[in-house]
Amino acid sequence: MSGSDCSLLDCGAPEADRVLDVGDYAGGAARWCPGCGDHSVLSSVQRLLADERLAPERTMFVSGIGCSSRFPHYMRTYGFHGLHGRALPVATGVKLERPDLDVFVVMGDGDCCSIGAGHWIHATRYNMDLTVLLLDNAIYGLTKDQTSPTTPQGFATKTQPRGSWLPPLNPLTVALGVSNVSFVAQTAEWVPAHLYETLKRAYHHKGFAFVRILQRCPVWTPTIFQKAVKDATTVEVLVHDDGVPAAELGRSFPNRVVHDPRDLDGARRLAEVTDRIRLGLFYVNPDAPRYEETRALPVHTVGERMRVLDAELDRHAV
Ligand SMILES: Cc1ncc(C[n+]2csc(CCOP(=O)(O)OP(=O)(O)O)c2C)c(N)n1
Ligand code: SF4
Ligand SMILES: [Mg+2]
């Protein structure tokens, strides 16, 4: 659409002939603080949409409430800036009614791991075809410095000025512990090549593609990723032919761990480690059943429905 008068919804050109570039996916000017990691995620997502030639009118961004949840405003696609913690139920409804849409979900750590945790667990199990981004800055950013479930133990905030009392929740091990989990990856917004490849791998996964993105908040948690940003040797990159391509990271990230992302037990072991940061695809199962498909089975009679239900339950029986 660049250089033409095409609007989001009324482009005269046939879809196949449209030429879209990154700028065509840019919405309003982002109002995040200078240096906020959300800017980097936005750039990567816009680039992904341009590279994948996604039709803006068939692409949807759903968010909750938080700094990160302003994301849909900055995309020139459809969007739904919802309620704190409720991005996933909205996205589930959208995808059920409009399976033809590409649906992206953007949540903060408070959004996803605190108030929205119940939705997160069940949405993981439902495994609907959504690309789900957790922008984890380990703090409630928008509401100005409250401890979140992922705040490191001992880190002082306005709500826990003597330091967070508890060890943080680990979003990776939580996601990997949910039955029917189908895709779990971790990346960091300050490693744009890895961020982009991870988003791309997640977008192409058919199912609930959960990506935890480590995100700097220079205002409230300026120190927590400092070591990893300054010293790449404290980071380990998961590598595998079926994983997130990491060749572009070149020599800057020398520490590599070969990990087959089909290995769930291995993924759980790798995700448990908290003394260093690991980036890559922890787990993928492209065959996990998706709710939109199991729900849409072409059955009509009660007997047929019972048989399908029995077969589905038997599949999960130990
Ligand atoms: C039901 C409800 N509870 C609380 C709030 C207040 N609130 C808005 S955003 C937010 C936390 C945001 O933190 P996070 O989800 O981590 O996003 P960030 O701002 O860090 O990107 C809270 C507690 C709200 N808007 N609605
Ligand atoms: S408060 Fe933190 S998370 Fe929010 S926009 Fe500013 S830097 Fe980003
Ligand atoms: Mg946050």
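Ala138 is buried, because its relative accessibility is 4% and the cut-off for buried is under 20%. The model is a predicted one. Ala138 sits in the loop that links β4 (130-136) to α5 (171-176). Its backbone stands out: phi of Ala138 is near 60°, a positive value in a residue that is not glycine. Most residues other than glycine have a negative phi.

## A second case in the loop

Asp145 also lies in the loop between β4 and α5. Phi of Asp145 is positive too, at about 85°, although the residue is not a glycine. Is Asp145 buried or exposed? Its relative accessibility is 9%, so Asp145 counts as buried.

Strand β9 covers residues 277-284. Eight of its eight residues are buried, so the strand is largely enclosed by the rest of the structure.

Which strand pairs with β9 in the antiparallel sense? Strand β5 (residues 183-188) does, over four bridges. In this pairing, Phe183 stands opposite Val284 of β9. Strand β7 (residues 235-239) runs parallel to β9, and three bridges join the two. Here Glu236 is found opposite Arg278 in β9.

## The shell around ligand 1

How many residues surround ligand 1? The count is 16, and the closest are Cys67, Ser68, Gly110, Asp111 and Leu142. By class, the shell holds six nonpolar, eight polar and two charged residues. Helix α3 (residues 109-115) gives the largest share of this shell, with four residues.

The backbone supplies polar atoms close to ligand oxygen. A polar backbone atom of Cys67 is 2.8 Å from an oxygen atom of ligand 1. For Asp111, a polar backbone atom is likewise 2.8 Å from an oxygen atom of the ligand. For Gly110, a backbone N or O atom lies 2.9 Å from an oxygen atom of ligand 1. Taken alone, ligand 1 exposes 590 Å², and the protein buries 74% of that.

Notes
Residues numbered from 1 in each chain as written. Chains lettered and ligands numbered in written order. Predicted model: local features only at pLDDT ≥ 70, side-chain atom pairs only at ≥ 80, totals over all residues. Heavy atoms only, no water. Buried < 20%, exposed > 50% of the residue type's maximum accessible area, 1.4 Å probe, protein only. Pairing = 2+ DSSP bridges. Near = heavy atom within 4 Å. Polar contact = N/O pair within 3.5 Å; in protein donor to acceptor, adjacent residues only side chain to side chain. Areas by Shrake-Rupley, 256 points an atom, 1.4 Å probe, with all protein chains shown as cover. Nonpolar A, V, L, I, M, F, W, Y, C, P; charged D, E, K, R; others polar.
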